[in-house]
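This report describes one protein chain for a reader who is new to structures. Please look at the sequence and the model below before reading on.

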Amino acid sequence: MEMSFDGPGRGAQPAGSMSGARLANGVRLNDRYEIEEFLGRSPYGESYRARDLASGQLVTIKALHPSLIADGATMERLTREVQTASSLDHKNIAATYGLFGAQVGADPVAYLACEFVDGQSLRDMLEKKRASGRAFSLKGAYNVIAHLCNALVYAHGATVHGALTPDSIMVNSAGRVKVTDFGLARTLKPLDNFRAQVAAGTMAALAPEMMAAPESADARADLYSVGVILFELLTGRTPADSFERPSVAAPGVPPAVDPVVETCLKPSPDERHADAQSLKDALQTAL
């Protein structure tokens with residue numbers, strides 16, 4: 001895992017003007033990754049589509065928030081988390097290739113190189129359905145949750161995601177769910193910009209313990225998040241807006257689904273489903 005900031009000839013080579021904190025199209029990081037398009041911002045920083053010049057493949061570059069670089073302890077924790085994330089190899093998890101450092105002009109940049117998912121975020125899919133007055137079908141909601149649970153059953157043998165939201169879940173052009181951002185949440189939660197995102201409601205799926213003590217949160221924090229996401233898939237809104245049982249909030253949802261969601265959303269982790277497989281099985285039975 002390379003985290004030294006390279007000097008002239010090994011850092012980023014600008015090609016065009018910078019816009020705010022964004023990397024310009026054409027910038028090369030470590031003579032390896034060439035930025036092609038800005039994709040958006042997240043609580044962790046900024047995302048870009050880039051080209052791996054060694055393999056020719058597309059990758060996602062996540063340029064992390066500058067405050068990370070200034071805090072050595074946070075960077076050490078992040079390095080450990082990313083090492084674990086890089087070891088994950090599952091069809092429903094977007095691969096993490098590594099954490100790197102580069103120099104962009106006078107500024108150091110810490111960035112993750114990750115698998116590029118050709119598709120759209122679950123958030124974008126939800127917003128499109130909401131705009132047309134619809135929610136996911138029961139089958140569509142189950143397929144998303146089943147893929148998500150498959151990813152968690154595998155990942156929970158090594159790590160906890162900690163901040164599953166519709167923004168951190170991609171659906172590729174073939175309909176396969178890909179979970180992104182493993183290794184980031186428990187490290188970056190104390191940052192001011194992360195707290196601002198939470199206050200704005202964009203991190204509404206976080207379990208209560210993730211807000212109180214993220215370093216001690218376990219796999220059951222992810223099950224809480226899955227419950228919030230399932231509720232939104234079925235009803236078109238989040239439980240934070242106004243919690244009603246899903247069968248009441250959305251006609252056509254079987255009442256048997258209600259306890260599945262409600263168990264996910266228990267404030268105490270001890271009262272939630274035992275694990276992601278149990279959650280998946282319960283939902284399958286309910287539907």
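## Helix 8 and its end

Helix 8 is followed by G236, a residue with a positive phi, near 85°. Helices here are DSSP runs of H or I with at least four residues, strands are runs of E with at least two, and both are numbered from the N terminus. This is a predicted model, in which local features need pLDDT of at least 70 and side-chain atom pairs count only at pLDDT 80 or more, while totals for chains, interfaces and linings use all residues. Residues are numbered from 1 along each chain as its sequence is written, and side-chain values use heavy atoms, with hydrogens and water left out.

Helix 8 is mostly covered, as 15 of its 17 residues are buried. Buried means under 20% relative accessible area, exposed means over 50%, and partly exposed lies in between, with a 1.4 Å probe and protein chains only.

T235 belongs to helix 8, which runs over residues 219–235. T235 has 15% relative accessibility, so it counts as buried. The side chain of T235 takes part in polar contacts (pairs of N or O atoms within 3.5 Å; within protein, one must be able to donate a hydrogen and the other to accept it, and residues adjacent in sequence count only if both atoms are side-chain atoms). One reaches the backbone oxygen of F231 at 2.8 Å. Beyond its neighbours within four places in sequence, T235 is in contact (heavy atoms within 4.5 Å) with A135, P246, A249 and A250.

## Helix 4 and the cores

Two helices can be set side by side by length. The expected span is 1.5 Å times one less than the number of residues.

| Helix | Residues | First to last C-alpha | Expected span |
|---|---|---|---|
| Helix 4 | 18 residues | 25 Å | 26 Å |
| Helix 8 | 17 residues | 25 Å | 24 Å |

Helix 4 covers residues 138–155. Its buried residues include G140, Y142, V144, I145, L148, C149 and L152. What covers the buried residues of helix 4 includes helix 3 (122–131), strand 8 (169–172), strand 9 (177–179), helix 8 and helix 11 (276–286).

Which residues touch the most other members of the largest nonpolar core? They are L122, I145 and L233, in a core of 61 residues. A nonpolar core is a set of buried Ala, Val, Leu, Ile, Met, Phe, Trp, Tyr and Cys residues joined through side-chain atoms within 4.5 Å. A second, separate core has 17 residues, among them A50, A63, F100 and A102. Leaving aside neighbours within four places in sequence, I145 is in contact with V226, I229, L230, L233 and L283.

E37 is found in strand 2. With 35% relative accessibility, E37 counts as partly exposed. E37 and N25 are twelve residues apart in sequence, and their C-alpha atoms are 6.0 Å apart. Not counting residues up to four places away in sequence, E37 touches N25, S47, Y48 and R49. With R49, the E37 side chain makes a side-chain polar contact at 2.5 Å.

D31 lies in the loop between strand 1 (28–29) and strand 2 (33–42). Although D31 is not a glycine, its phi is positive, about 55°. Is D31 buried or partly exposed? D31 is partly exposed, with a relative accessible area of 33%.

D181 is in the loop between strand 9 and helix 5 (185–188). Phi of D181 is also positive, near 70°, in a residue other than glycine. D181 counts as buried, because its relative accessibility is 12%.

## The chain as a whole

The chain has eleven helices and nine strands. Of its 287 residues, 50% are buried. Among contacts between residues at least 6 apart in sequence, 56% join residues at least 24 apart.

The predictor's confidence in each residue is given as pLDDT, from 0 to 100. The chain averages a pLDDT of 85, and 85% of the residues score at least 70. Over residues 190–195 pLDDT stays under 50, and the model has 13 contacts there beyond four places in sequence. Residues 197–202 also stay under 50, with nine such contacts. Where pLDDT is low, the predicted coordinates should not be read in detail.
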